[in-house]
Amino acid sequence: MKILLTGASGLVGGAFARAAARRGHYVVGTTLSYKEAIDGLAEHRSLNLTDAPALTSVVLDIFPDVIVNAAAISEPAGCEANPALAQAVNVALPELLARLAFHVSARFIHLSSEQVFDGNHPPYRPTDPTAPITLYGRQKLASEQVVHRVAPEFAVTLRAPLLGGNSPSGRRSLHERLFADWMSGRTPQLYTDEIRQVCHADNLAEVMVELCERPDVRGVHHWAGSEGLSRHELGERIRSHFKLTPAQAPLIAITRTADPAVARRRQADLRLVLEPLAGRLKTRPENFSTQLDQLVIPAPCRAWYQSLS
């Protein structure tokens with residue numbers, strides 16, 4: 001199949017390009033300014049995704065069988081800092097892609113987020129009531145609604161959790177950010193009462209490729225790892241896996257409940273129910289130990305890491 005992939009330089013986009021290429025698909029990836037080679041791409045196009053005429057021209061030129069949207073402004077702080085840009089990327093872009101998918105009869109795979117829930121009533125099923133507490137969560141929910149209104153027969157939305165993995169830049173994923181802090185002498189503060197069901201980006205990408213090949217699956221679905229852990233537990237296990245000492249890689253344990261203002265804008269528990277999707281796919285959810293075994297030292301931090309031995 002010919003697949004148009006937005007956000008090809010991101011953590012999920014890069015993983016999807018590799019996974020789709022392994023399955024023999026022809027992937028055309030778009031990035032805004034990333035110029036380095038991306039494994040798995042048959043074509044790499046520079047494109048401002050907020051330029052609707054340019055994006056429309058690319059879609060009509062490629063005429064893909066599938067459109068995969070892995071582009072987003074996914075940091076809540078980034079959305080708050082520039083809400084207009086976040087609205088353009090997180091809501092207007094998926095709406096346009098859905099309309100174009102409908103126009104060219106292409107399957108449309110859209111990534112959403114666990115952030116559409118408030119974190120007070122886990123674990124969440126795909127059909128449970130949504131109640132986002134951040135601008136990012138509200139934008140993701142709005143994108144889901146418009147995508148399935150515009151192209152219900154072509155679209156599938158996959159709500160994803162906090163992600164781990166090895167990004168093309170070495171700066172995007174959970175362990176990469178921790179390493180960046182440690183290398184810079186910063187001490188990450190991680191919540192002991194904030195539960196996340198982290199998923200490796202490669203595992204998520206395999207699911208996305210399966211969904212490209214499964215036009216019988218539509219609607220909104222969940223995917224995540226197989227276990228929920230606190231952010232502090234995640235940090236401790238990453239540190240232990242890479243054989244770093246507390247002195248080399250310090251962590252501070254904090255709680256949401258210690259600050260009511262923080263508790264209002266950070267969800268306590270975002271565990272997801274993965275059925276019915278998990279029962280329909282060959283790809284299986286991974287536990288965190290399996291995910292750890294796939295992580296590598298981020299490229300920007302390798303010299304620092306080697307200097308510790």
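A salt bridge is taken here as a side-chain nitrogen of Lys or Arg within 4 Å of a carboxyl oxygen of Asp or Glu. I worked on a predicted model, where local features need pLDDT of at least 70 and side-chain atom pairs count only at pLDDT 80 or more, while totals for chains, interfaces and linings use all residues. Residues are numbered from 1 along each chain as its sequence is written, and side-chain values use heavy atoms, with hydrogens and water left out.

Entry 1

Entry 2. I looked up Asp61 and found its side chain in a salt bridge with that of Arg45, at 3.0 Å from N to O. Asp61 belongs to helix H2 (residues 52-62) and Arg45 to strand E3 (residues 43-46), so the pair ties together parts that are 16 residues apart in sequence; helices (H or I, at least four residues) and strands (E, at least two) are DSSP runs, numbered from the N terminus.

Entry 3. I turned to Glu114, which forms a salt bridge with Arg196, their closest N and O atoms being 3.9 Å apart. This pair links distant parts of the chain, with Glu114 in the loop between strand E5 (107-113) and helix H5 (135-150) and Arg196 in strand E9 (residues 195-196), 82 residues apart. I noted both Glu114 and Arg196 as buried (under 20% relative accessible area, with a 1.4 Å probe and protein chains only). Glu114 and Arg196 also belong to a network of salt bridges that links them with Glu194, Arg231 and Arg266.

Entry 4. I then checked Glu144, whose side chain meets that of Arg159 in a salt bridge of 2.8 Å, N to O. Here helix H5 holds Glu144 and strand E6 (residues 155-160) holds Arg159, 15 residues apart, and I recorded Glu144 and Arg159 as buried.

Key: Buried < 20%, exposed > 50% of the residue type's maximum accessible area, 1.4 Å probe, protein only.
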